[in-house]
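Please read this briefing alongside the sequence and the model. The notes are grouped by topic.

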Amino acid sequence: MSESGNNFARVLQDHHGEKHAVAIRGYPDPDSIGSAMAHAYISEQFDIECIILYFDDISHQENRALVKRLAIEMVRYDDKLDLTGLDAIAIVDSQLFQLPPPLNKLPVISVVDHHKNQMETTAEFVDVREDTGATCSMYAEYISDKIATMDRENPYCAKLASALLYGIRSDTDNYLRAREIDYRAASFLAPYADHDLLMSISLQSISPRTMEITQRAFANKVIVDNFLVSGSGYVREEDRDSIGQAADYLIQREGIDTVLCYGIVNNRYIDGSLRTLSDVVDPDRFIKELLGKGPDGVFYGGGRTDKGAFRIDLGVLHRCPDRDLLWSLIRKTVEELFIEKIGTKLEEA
């Protein structure tokens, strides 16, 4: 057993018989969903009951299909949810500790993530690996270390392997950015997965709303050398992932290697997604230097090798009765920040 696997097993054994919440921070995506499933499955081996909690809408159509087709049990948090009996929190695919009460009073037993190290943590078990394409690959490694057993005759194991494979494929851009651990994980999981089911999830149609948001982003694009910045206007909460899909589309434009797309989500936030093909642009550093920290001392966003994201609370500005004026202000502010960061002149495309 690897050192990480051994340490993880030891921590879980210390919490034998407890009840934990597995927290998905940010918008649930295939990597966080698969990792949460795996954490709950591994915990069962130590007689730990888990509830998977998420805090933001599952907005991407493929992510909704993943949860529905695999019948993944997840609970959307709200302040009326009965959390009686919870003993601890586990965080997957993130390092964000900002949790609402009473969750913020519970100890964090584990943080497993593949993004850049964001902060010091007091969690009992911390496994943060920047050289890994997906958090699902790390959980697959734990399982292959025999912390938990996989059974080809067990339908749930087929679901779990399928979710983990989908998470790896998604976060490594169809294995274009996969590392050695990701390939090992995929090889381990493949015999257990339902590949027909994975194919059906992958073939989800693009929604009309996503196409509309992408069209607006294309129309509003501004090019700065080989950088592109674009605003999608007002976006519903359930369509937030369409901003990232618009960025995925625009990064394919010839001569562009970095794209920043953003919009006003739910009339309350500026949400943005960054994509890059550049060898010199570090999304994590770029976003943090561009936007800085909020009043709570936490960066507005961050990223990994090829992509990043951010969210900024509009505060009292969300009450502005003139939506056109507010959008104009936000667009001008983001574009000027971007141009200042790039340090060059603006060219309308």
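Which backbone oxygen lies 2.3 Å from a polar atom of the side chain of serine 230? The backbone oxygen of alanine 217 lies at that distance, where a polar contact is a pair of N or O atoms within 3.5 Å, one able to donate a hydrogen and the other to accept it, and residues adjacent in sequence count only if both atoms are side-chain atoms. This is a predicted model, in which local features need pLDDT of at least 70 and side-chain atom pairs count only at pLDDT 80 or more, whereas totals for chains, interfaces and linings use all residues. Residues are numbered from 1 along each chain as its sequence is written, and side-chain values use heavy atoms, with hydrogens and water left out.

- Serine 230 belongs to strand E8, residues 227-235, with helices (H or I, at least four residues) and strands (E, at least two) taken as DSSP runs numbered from the N terminus.
- With a relative accessibility of 0%, serine 230 counts as buried, a term that means under 20% relative accessible area, while exposed means over 50% and partly exposed lies in between (1.4 Å probe, protein chains only).
- Leaving aside residues up to four places away in sequence, serine 230 touches several residues, among them Arg216, Ala217, Phe218, Leu250 and Tyr262, contact meaning heavy atoms within 4.5 Å.

**Helix H8**
- Helix H8 covers residues 208-219, and its 12 residues reach 16 Å from first C-alpha to last, close to the 16 Å expected at 1.5 Å a residue, a span defined as 1.5 Å times one less than the number of residues.
- Thr210, Ile213, Thr214 and Ala217 are the buried residues of H8, and they line one face of the helix because, seen down its axis, they fall within an arc of 100 degrees, the arc being that of the directions from the helix axis to the C-beta atoms.
- The buried residues of H8 pack against helix H3 (61-69), E8 and helix H9 (241-250), whereas the face turned away from the buried side carries the exposed residues Pro208, Met211, Gln215 and Ala219.

**Backbone features in loops**
- Aspartate 225, in the loop between strand E7 (222-224) and E8, has a positive phi near 55 degrees without being a glycine, and aspartate 225 is exposed at a relative accessible area of 51%.
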